[in-house]
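Q: I would like a close look at a single part of this protein. Please start with the whole chain, then zoom in.

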Amino acid sequence: MKGLKKGDSHSLELLFRRLYPRLCAYANKFLNNMDESEEIVQEVFYRIWKNREQLDEKQSVNGYLFTAVKNTCFNTMEHQKVQDQYAALLQTVYKPSGVDFSAHESFVAEELEKDFQRALEHLPPECRKIFEMSRFEGLKYQEIAERLNISIKTVETQMVRALSKIRLDLKDYLTLLIITLLNQN
């Protein structure tokens, strides 16, 4: 830990060579996907190197790494769950199983998608990036703040702005969407 904290890349390399296979196997127990497991372990080593100044020299390196890998696996699984829920919602809204949309409903759905994309494009770049990280990548505000090196309050403010703007831009579709969903049941 002392070597890492001081910026000794040789210490990182030795640690990586010694623990990488075991950490990948450990991550694979959670994810059951070796490629994704390897990515997670590499990401953990990258984060450790990037934040090496904050490392606690008294903490066990092995314990720290295995805990970081486990937590990253859990975050990845949670992220996948959010993506699956979003895909299921889109499936419900755009094409429920056993229900054929009329030509009009299909047209409205396509127009809604286009208008949603336009609304996203009109957001300021930083606001859009934060919105996409939250809604499309399933990241928590804390994770977004860490990745972008900004405060959680900034993330919250940008999300409020993005949602308000998108709601305003898509307000005409709300009634139509509710009627469409009610007619499906």
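What pattern does the chain follow, read along the sequence? And once that is clear, how does helix H7 sit against helix H8, and which residues make the contact?

A: Start with the whole chain. This is a predicted model. Read along the sequence, the pattern is α-α-α-α-α-α-α-α-α. In total, the secondary structure comes to nine helices and zero strands. The chain has 185 residues, and 30% of them count as buried. Now take the contacts between residues at least 6 apart in sequence. Of these, 62% join residues at least 24 apart.

Now zoom in on H7. This helix covers residues 141-148, and helix H8 covers residues 152-169. The axes of the two helices come within 8 Å. They cross at roughly 110 degrees. Angles of 65 to 115 degrees count as roughly perpendicular, so H7 is roughly perpendicular to H8. The crossing of the pair is right-handed.

Which residues meet there? From H7 come Tyr141, Gln142, Ile144 and Ala145. From H8 come Ile152, Val155, Glu156 and Met159. By type, this contact of H7 with H8 has six nonpolar residues, one polar and one charged.

An α-helix has 3.6 residues a turn, so residues three or four places apart point the same way. Keep that in mind as you turn the model.

H7 has another partner, helix H6, which spans residues 125-135. Here the axes come within 10 Å and cross at roughly 135 degrees. That angle makes H6 oblique to H7. H6 passes H7 in a right-handed crossing. On the H6 side, the contact is made by Glu126, Lys129, Ile130, Met133 and Ser134. On the H7 side, Tyr141, Ile144, Arg147 and Leu148 take part. The residues of this contact divide into five nonpolar, one polar and three charged.

Look at Tyr141 and Ile144 again. Both are listed in the contact with H8, and both are listed in the contact with H6.

Which residues of H7 are buried? They are Glu143, Ile144, Ala145 and Leu148. Just after the helix comes Asn149, with a positive phi of about 55 degrees.

Now place this part beside the cores of the chain. The largest nonpolar core has 21 residues. Leu15, Leu23, Val41, Val44, Phe45, Leu65 and Val69 have the most contacts inside it. Helix H2 (9-31), helix H3 (34-50) and helix H4 (61-94) each give two or more residues to this core. H2 gives the most, with eight residues. Leaving aside its neighbours within four places in sequence, Val44 is in contact with Leu65, Ala68, Val69 and Thr72.

Finish at the start of the chain. Gly3 lies in helix H1, residues 2-5. Not counting residues up to four places away in sequence, Gly3 touches Asp8 and Ser11. Gly3 and Arg52 are 49 residues apart in sequence. In space, they are 9.5 Å apart, C-alpha to C-alpha.

Terms used: Residues numbered from 1 in each chain as written. Predicted model: local features only at pLDDT ≥ 70, side-chain atom pairs only at ≥ 80, totals over all residues. Heavy atoms only, no water. Core = buried A, V, L, I, M, F, W, Y, C linked by side-chain atoms within 4.5 Å. Buried < 20%, exposed > 50% of the residue type's maximum accessible area, 1.4 Å probe, protein only. Helix = DSSP H or I, 4+ residues; strand = E, 2+ residues; numbered from the N terminus. Contact = heavy atoms within 4.5 Å. Axes fitted to C-alpha atoms, helices over the stretch in contact; angles between N-to-C directions. Parallel < 35°, antiparallel > 145°, perpendicular 65-115°, else oblique. Left-handed = near helix turned anticlockwise from the far one by under 90°. Nonpolar A, V, L, I, M, F, W, Y, C, P; charged D, E, K, R; others polar.
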